Amino acid sequence: GRGVPAWHFHAGFATGPGTRPMDLRLLAWGRTMARRRHDLPPLWLFTDSVRLPDPRPAAARLPIGMAGVVLRHDSHPDRVAIGRDLGRICRVRRLALVVAGDVRLAAALGAGVHLRGGRWPGVLRRKGIVTSSAHAPADLRRARRNGAMLAFLSPAFATASHPGEPALGACRWARLAVRAPLPVAALGGIDGDSVRRLPRRCGGAGAIGALA
């Protein structure tokens, strides 16, 4: 009806343009992981202004209490409005929300912060959930020093976000993760098949397409 947003959701099911089934094998993996740990969710939807211009329908379909959202959408003109909507969705569905590289927006949304390479974006700090991206051991160490609870080590596998760039692969990803000073999640080329190539030590999984 009039005034109903495209990401409208009801009773755990979202409708909107372009919606399609999520990767059921990845969701099943997430359920198994959720039974092992209870501090942070095992599944994380990463927003992407190119691959996922409007992340709200996908967020509204994430499994209740078992997932998180990393808001990126850097320089997107509607980033604040999208963030507010994601904040409401996350509260209703008991999802975690972290904002990449913007402590002020995170505070306004009541969200956590996602660091890049383990670095805070400025002098401001915020309590709550802190996650980080990481591409090398130095990033993992820096993330730990700066209070990150979880680092997304990427790219685990070949990814459409960075076509043609080399990936870590399962073996190298595992070697870096086992030496990391904090819990490590996988990002890059993650779906229900690739995530099962990673070790049990994997602390979570971030994705775009498989959760969108």
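Q: Before we start, what counts and what's left out here?
A: It's a predicted model, so local features need pLDDT of at least 70 and side-chain atom pairs count only at pLDDT 80 or more, while totals for chains, interfaces and linings use all residues. Residues are numbered from 1 along each chain as its sequence is written, and side-chain values use heavy atoms, with hydrogens and water left out.

Q: OK, α5 then. Which of its residues are buried?
A: D139, L140, R142 and A143 are the buried ones in α5, which spans residues 137-145. Buried means under 20% relative accessible area, exposed is over 50%, and partly exposed is in between, with a 1.4 Å probe and protein chains only. Helices are DSSP runs of H or I with at least four residues, strands are runs of E with at least two, and both are numbered from the N terminus.

Q: Why do you say they line one face of the helix?
A: Down the axis of α5 the buried residues fall within an arc of 165 degrees, so they line one face. The arc is that of the directions from the helix axis to the C-beta atoms.

Q: And what covers them?
A: The cover includes β7 (130-134), β8 (150-153), α6 (169-179) and β9 (184-187). Contact here means heavy atoms within 4.5 Å.

Q: What follows α5?
A: G147 does, and its phi is positive, near 90 degrees.

Q: Now α6. Which residues are buried there?
A: In α6 those are G169, A170, W173, L176 and A177. They fall within an arc of 135 degrees seen down the axis of α6, so they line one face of that helix. C171 and R179, on the other side of α6, are exposed. Among what covers the buried residues of α6 are α5, β8 and β9.

Q: Switching topic: how many aromatic pairs are there?
A: Two. Rings of Phe, Tyr and Trp (its six-membered ring) pair if their centres lie within 6.5 Å; planes under 30 degrees apart are stacked, over 60 edge-to-face, and the rest tilted.

Q: What are the numbers for W44 and F152?
A: Their ring centres are 5.8 Å apart and the planes are at 80 degrees, so that pair is edge-to-face. W44 is in strand β3 (residues 43-46) and F152 in strand β8, 108 residues apart.

Q: And F46 with F152?
A: That pair is edge-to-face too, at 4.9 Å centre to centre with 85 degrees between the planes. F46 lies in β3 and F152 in β8, so the pair ties together parts 106 residues apart in sequence.

Q: Are W44 and F152 buried or exposed?
A: Both are buried, and F46 is buried as well. Ring pairs link W44, F46 and F152 into a cluster.
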